[in-house]
Amino acid sequence: MNEFSLYDEVVKSFDALTQDLGQKENADLVKTRLHAFENFRESGFPTIRNEDWKYTNLTRFLKDEYALNLPGNVETPKKLIESAKIADFDCYTIVLVNGSWSNKNAELPKGVELTSIAEAKQDAKLAASLGQDANLRFFTALNAALFSDGLFINVKAGAVADKPLHIIHAYTSGTNLMVQPRHLWVVNEHAELSVVESIVVENTNIHIWSNTRTEIVVHRDAKLDHVMIQSAPPNVRIVNHTTIRQKKQSLYNNYTFTLPGAELVRNDLQAKLEEDHTETHLYGLYLAAAQQLVDNHTLVDHQKPNCFSNELYKGVLLEQSTGVFNGKVYVHQDAQKTNAFQQNNNLVIGKKATIDSKPELEIFADDVKCSHGSTVGQFSEEALFYLRSRGIGEAAARALLINAFAFDVTEKIKHAAVETHVNRLISQHIPVTQ
């Protein structure tokens, strides 16, 4: 009996998809899909031989079979959506079921337009913007070839949303399912928006693999706050690729929180500072447990002068979990007067837990202020002794120290209800006994 090959299954799925693409999409988008899939045929799924996947072995995740075609007319699981809402969070709620926008009658902020990618790709200009990258590989190439739906957000020039958007990504299926959501967000000049994303899954007895690609453009003097809360159950595999293009005097803040659960989480976050006087903040917290694999790859690409970036990622590794942090700050020759800071701190608590941390600076300008660092440690015995000497049990003392360690990241959240929600999720997984 031949061993199952997910690669072969994907190839068959794409061949079936291309049979009628010409009747549904414009020629440029079809051409983009074909080119992207040729890239995927050549690269396949990444292995540990690929430098950017050196510490992330996907072998055990590629042995399962997945349905690659989305089930049609999926009913929105209302109870599941209610469970995903954040207490006391005043926001506009947007629901995507298996990557497709389901509550299209939802109230929206003034000046903010939402369209499903399935509808937006009928527009020739938007379709062209969905396929500009030529050098896609691995999962980004797969997404570019197979995506069917997602969310297009357009914030009009000068519009300032009165409340955040809470985007709930709900997944439901009776069989293993791999989905390829594709999102495009555009924040136009002098506009402001805040987005919170979270994940919920209805059936925990099957495997869900979400391979998501999000492209964000933040135009001149625009601001975007972006919170990602990854608290999916163990049957979920998450691969996220997010690219942010920033224009003059724009501000982008990213907060990525990964909690115990999903057995695979890979976040590729790339911020491209394409014009001068831009500002970027990347904050991350990953709390991993069991045999969970959490991999954060970031790139801050300083292309022009007088820009500022600040990056702080913290990790807590419990039980037999594996963490990976690979962050690069790239400063081009034209990017004089760059201020760039990067720090990765880790607590390795589990006796069989591991962390691979690789902060990088690549600088071609001579008038810059750049620094990077990484720390790996365990609980401070002095701090534990201090707390226990005051009548605090060992488990409670560990919980206090983990919360204190995470505070540097959680306190950056600008919405009190979201901060409380994230802290509650953290507290559900501590105190712990190793």
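**Ground rules.** I worked on a predicted model in which local features need pLDDT of at least 70 and side-chain atom pairs count only at pLDDT 80 or more, while totals for chains, interfaces and linings use all residues. I numbered residues from 1 along each chain as its sequence is written, and side-chain values use heavy atoms, with hydrogens and water left out.

**Aromatic pairs.** I searched the whole structure and got 12 aromatic pairs. Rings of Phe, Tyr and Trp (its six-membered ring) pair if their centres lie within 6.5 Å; planes under 30 degrees apart count as stacked, over 60 as edge-to-face and the rest as tilted. I looked up F45 and F139: the ring centres are 5.6 Å apart and the planes stand at 55°, so this pair is tilted. F45 lies in the loop between α3 (27-43) and α4 (78-84), F139 lies in helix α7 (residues 138-146), and the two are 94 residues apart. I took helices (H or I, at least four residues) and strands (E, at least two) as DSSP runs, numbered from the N terminus.

F139 also pairs with W53, again tilted, at 5.7 Å centre to centre and 40° between the planes. W53 sits in the loop between α3 and α4, 86 residues from F139 in helix α7. I then checked burial, where buried means under 20% relative accessible area, exposed over 50%, and partly exposed in between (1.4 Å probe, protein chains only). W53 is buried at 5% relative accessible area, F139 is buried at 4%, and F45 is buried as well. I traced the ring pairs onward and found a cluster of Y7, F14, F37, F40, F45, W53, Y66, F139 and W209.

**Charges over rings.** I counted a charge as over a ring if NZ of Lys or CZ of Arg is within 6 Å of the ring centre and within 35 degrees of the ring normal. The charged end of R182 is placed over the ring of F147, 5.0 Å from its centre. K314 is over the face of F405, 4.4 Å from the ring centre.

**Helix α3.** In α3 I listed L29, V30, T32, R33, A36, F37, N39 and F40 as buried. G44 follows α3 and has a positive phi, near 65°.

**H297.** This residue is in strand β15 (residues 293-302). H297 is buried, with 9% relative accessible area. I looked for polar contacts (N or O atoms within 3.5 Å; within protein, one must be able to donate a hydrogen and the other to accept it, and residues adjacent in sequence count only if both atoms are side-chain atoms). The side chain of H297 has a polar atom 3.0 Å from the backbone oxygen of D52, and a 2.8 Å polar contact joins the side chains of H297 and D295.

**Y55.** I placed Y55 in the loop between α3 and α4. Y55 is partly exposed, at 38% relative accessible area. Its C-alpha is 9.9 Å from that of S357, 302 residues apart along the chain.

**Cysteines.** I found 0 disulfides, taking a disulfide as a pair of cysteine sulfur atoms within 2.5 Å. The sulfur of C307 is 11 Å from the closest cysteine sulfur, in C370, too far for a bond. C307 is buried at 3% relative accessibility.
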